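Please read them with the coordinates open.

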Amino acid sequence: MTNKPTLLDPPHLLVLFLILILAFSAFAPALQNNFVNWDDPFYVVNNSLIHQLSWHSVRQIFSTYILGNYQPLTILHFAVDHHFFGLDPSYYHLTNILLHLANIVLVYIFICLLSGRQLIAILTSLFFALHPMRVESVVWVTERKDVLFAFFYLLGLIQYLRYLTVHRESKKYIVSTFLCFVLSLFAKPSAISFPL
């Protein structure tokens with residue numbers, strides 16, 4: 001690994017900002033989408049766990065499996081959406097898009113820290129932002145679990161890189177890495193690959 005690059009280089013940040021605008025434009029039509037009849041009824045529309053946001057419902061969320069999956073952070077995220085926006089699907093889609101935009105920034109930071117080269121980080125961010133494999137995760141409401149798990153997964157990778165490259169004497173980076181891993185795991189069980 002090379003020396004820590006400057007993440008705040010204005011020309012690269014401008015390009016990253018343009019990538020975010022491009023990604024938002026590409027996914028904005030999803031704001032007109034409705035819920036789909038494939039998992040959305042179980043996770044959102046008919047899910048009584050999200051219809052009330054209280055300590056009791058949070059306890060229920062963290063002790064319930066939906067369709068055989070344990071994803072309490074995702075369900076809690078839906079409960080927050082429901083609390084503020086009811087069952088208006090455009091806000092659920094907007095949340096997914098905003099999480100995707102945050103993930104693009106995290107990909108940029110991670111690759112920049114990993115490679116030490118901003119151009120590689122920009123190109124990787126652009127590829128991640130518009131890759132067709134991201135479409136399902138961003139435009140399908142139930143796939144909130146994917147964009148949410150990716151957010152904490154990437155954040156954990158960044159914290160671990162900081163621990164390895166700069167702050168080995170500080171335990172806060174390894175603790176925050178573990179916390180991000182747990183949050184990612186609570187969003188989607190696929191995060192189990194993180195320790196590897």
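1. Helix α5 covers residues 89-115, and its 27 residues reach 39 Å from the first C-alpha to the last, close to the 39 Å expected at 1.5 Å a residue (the expected span being 1.5 Å times one less than the number of residues; helices are DSSP runs of H or I with at least four residues, numbered from the N terminus). Because 19 of these 27 residues are buried, α5 is largely enclosed by the rest of the structure; buried means under 20% relative accessible area, exposed over 50%, and partly exposed in between, with a 1.4 Å probe and protein chains only. Just after α5, Gly116 takes a positive phi of about 75°.

2. This is a predicted model, in which local features need pLDDT of at least 70 and side-chain atom pairs count only at pLDDT 80 or more, while totals for chains, interfaces and linings use all residues. Residues are numbered from 1 along each chain as its sequence is written, and side-chain values use heavy atoms, without hydrogens and water.

3. Most residues other than glycine have a negative phi. Leu67, in the loop between α3 (55-61) and α4 (72-85), has a positive phi of about 50°, but Leu67 is partly exposed, with a relative accessible area of 43%.

4. Taking a disulfide as a pair of cysteine sulfur atoms within 2.5 Å, the count comes to zero. Cys112 is in no disulfide, since the nearest cysteine sulfur, that of Cys180, is 19 Å away, too far for a bond. Cys112 is buried at 0% relative accessibility, and Cys180 is buried at 8%.

Definitions and conventions: Helices (H or I, at least four residues) and strands (E, at least two) are DSSP runs, numbered from the N terminus.
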